[in-house]
Amino acid sequence: MKKPPALKGRTDPVFDLLVRPPQKHRLEDYLALLKPLDDQGRYLPFEALRYRWAPGLDARLCWALVKKARAAQHINLLPLGEPVQWGKYLLTPLAQKTISIVDRQASTAALEYMTSQIGERAHFSYLLNDLIEDEAIASSQLEGAATTTRVAKDMLKQQRQPRTPDERMVMGNYRMMNFAWERRYEPMSVELIAAIHRVGVEGIDDEQYSPGVFRANDEVVVQDGAGDTVHRPPPAAGLVSRLERLSHWINLPEGSPQETSYLHPLIKAITLHFALGYEHPFRDGNGRVARALFYWFMFKNEFAAFRYIAISLLLRNAPVKYGRSYLHTEADELDLTYFIEFQCSVIQRAVLGFTDVYRKSVGCTEEFERRLKNCGFFDQLTEKQRALYEVAKNGVAKEFTASNVAENFACSHSEAASALDGLDELRVFERRKMGREWVFFLRNPVGGWKHGSEFLRPHVVTA
């Protein structure tokens with residue numbers, strides 16, 4: 001049997017310091033820090049960890065031990081910037097849990113199962129279309145669009161032309177999300193990145209955005225709320241070649257010998273999100289493109305449920321944490337674990353929220369059908385009418401037109417109009433003329449319904 005070699009002497013300066021006074025008297029306390037995560041399993045940056053170390057310990061030595069433990073487990077992801085630095089990460093328990101949730105609940109197969117459980121109950125389809133709009137609206141609001149969610153939803157549902165720059169931003173994001181879905185089977189390329197930007201920002205303020213055109217100078221910087229520069233992107237010189245390098249990495253097939261370890265598509269999609277934000281290839285609109293490319297890569301890898309999972313809703317509610325996850329990564333030698341950890345926490349909540357919508361949708365539909373059947377009213381409603389009632393009762397939508405019903409239910413305009421007219425005749429809905437078309441609303445419960453019962457009096461949900 002081959003014996004392991006004997007170790008003679010110490011060459012590591014960190015451990016050399018630990019055996020000298022005064023550190024050697026606290027050796028046990030120091031060695032307890034030789035691990036990548038804290039006692040609660042969190043991957044914290046230096047600014048958070050330094051307050052958690054025992055009093056009297058040398059902060060630089062403590063950080064050196066944490067870094068040493070992390071470096072032993074780091075996986076190199078991809079080269080970034082100029083001069084080149086390797087972006088790296090460590091697979092944490094939070095990331096592993098998120099990957100498991102995404103695999104079980106957000107795959108194309110999982111979405112198909114959900115819709116099969118719903119069967120032909122169309123109100124889930126209406127909910128899904130509503131969720132597509134959520135991402136476009138929230139992503140715009142994250143970038144500063146001042147329009148309200150209600151106004152933006154009405155614009156998208158009624159398919160009216162945007163009237164303000166903020167509404168044009170929402171419409172651009174909506175087109176960009178649909179474009180990412182339609183082009184999901186294309187390989188990543190510089191041309192695709194430019195096309196996504198063009199679709200998303202064209203017609204908002206072309207002079208400000210330069211749709212589909214990469215920046216040609218180094219004047220673009222990222223500033224915080226106080227106007228201080230927090231990120232200066234790599235130089236414009238060589239930008240296209242770096243995007244080509246990124247595209248090559250994204251296009252590597254699973255199991256490629258050029259990838260030294262397996263990367264789950266979720267981790268790769270989050271890394272793509274970071275890389276676009278880090279390079280900042282456009283004058284403006286970089287965040288929107290980065291998030292759209294995250295979705296594009298998830299679609300490409302058969303996670304179709306992400307079409308209805310609005311990540312930006314949660315990012316919009318935590319913009320400071322979102323920004324700091326970028327900064328922690330850049331400040332710590334491009335350790336992408338910080339960014340990946342934050343994104344995984346957001347994605348996990350978004351996916352669980354989506355599945356919660358599905359479960360409630362199933363439960364509400366079953367309860368609705370049971371009570372309608374018991375009171376003898378069920379047979380008077382068509383399937384589309386039952387779906388429209390459920391959507392209105394739950395507050396998912398408040399206004400309905402033949403146009404938006406036809407779009408959401410994938411039916412003809414005449415079928416949609418007939419369903420709405422029938423609900424109006426049964427006094428479930430009421431109608432008002434707005435502009436050139438009739439808009440339908442859930443009827444005020446005071447009037448009651450024809451052939452109705454107390455249960456069937458609608459409950460109006462107010463925002």
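Strand 3 (222–223), strand 4 (229–231), helix 13 (265–279), helix 14 (286–300) and helix 16 (319–331) each give at least two residues to the lining of the largest pocket. The model is predicted.

**Largest pocket**

- The space in the largest pocket comes to about 870 Å³.
- Its lining consists of 27 residues.
- Val 222, Gln 223, His 280, Gly 323 and Tyr 326 are the lining residues that lie nearest the centre of the largest pocket.
- Helix 16 supplies the largest share of this lining, with eight residues.
- By class, the lining of the largest pocket holds twelve nonpolar, eight polar and seven charged residues.

**Cavities**

- The model has five cavities of 30 Å³ or more.
- The second largest cavity has a volume of about 60 Å³.
- Strand 1 (75–80), helix 12 (239–251) and helix 13 are the elements that give two or more residues to the lining of the second largest cavity.
- Helix 12 contributes the most to that lining, namely four residues.
- The lining residues of the second largest cavity include Leu 78, Pro 79, Leu 80 and Gly 81.
- Also among them are Arg 242, Leu 243, Arg 245 and Leu 246, together with Ala 275 and Glu 279.
- Six residues of this lining are nonpolar, one is polar and three are charged.

**Salt bridges**

- Side chains of opposite charge can pair when their charged atoms come close.
- The count of salt bridges in the model is eleven.
- Arg 26 and Asp 29 are joined through their side chains in a salt bridge, at 2.7 Å from N to O.
- Arg 26 has a relative accessible area of 26% and is therefore partly exposed.
- Asp 29 is also partly exposed, because its relative accessibility is 33%.
- Another salt bridge links the side chains of Asp 38 and Arg 42, with an N to O distance of 2.8 Å.
- Asp 38 has a relative accessible area of 15%, under the 20% limit, so this residue is buried.
- Arg 183 and Glu 186 form a salt bridge in which the closest N and O atoms are 2.3 Å apart.
- Arg 183 is partly exposed because its relative accessible area is 25%.
- Glu 186 has 28% relative accessibility and therefore counts as partly exposed.
- A network of salt bridges links Lys 67, Asp 332 and Glu 333.

**Nonpolar surface patch**

- Leu 27, Leu 31 and Leu 34 make a nonpolar surface patch of about 210 Å².
- Leu 31 belongs to helix 2, which covers residues 27–31.
- The relative accessibility of Leu 31 is 39%, so this residue counts as partly exposed.
- Residues in a patch need over 30% relative accessible area, and Leu 31, at 39%, is therefore above that cut-off.

Note on methods:
Residues numbered from 1 in each chain as written. Predicted model: local features only at pLDDT ≥ 70, side-chain atom pairs only at ≥ 80, totals over all residues. Heavy atoms only, no water. Patch = residues over 30% accessible without salt bridge, like charges linked within 9 Å, V, L, I, M, F, W, Y side chains within 5 Å. Areas by Shrake-Rupley, 256 points an atom, 1.4 Å probe, with all protein chains shown as cover. Salt bridge = Lys/Arg side-chain N within 4 Å of Asp/Glu carboxyl O. Buried < 20%, exposed > 50% of the residue type's maximum accessible area, 1.4 Å probe, protein only. 1 Å grid on protein atoms, 1.4 Å probe; cavity = no way out; pocket = protein on both sides within 12 Å on 5 of 7 lines; lining within 4 Å. Points joined across faces, edges and corners; volume = space filled by probe spheres on them. Nonpolar A, V, L, I, M, F, W, Y, C, P; charged D, E, K, R; others polar.
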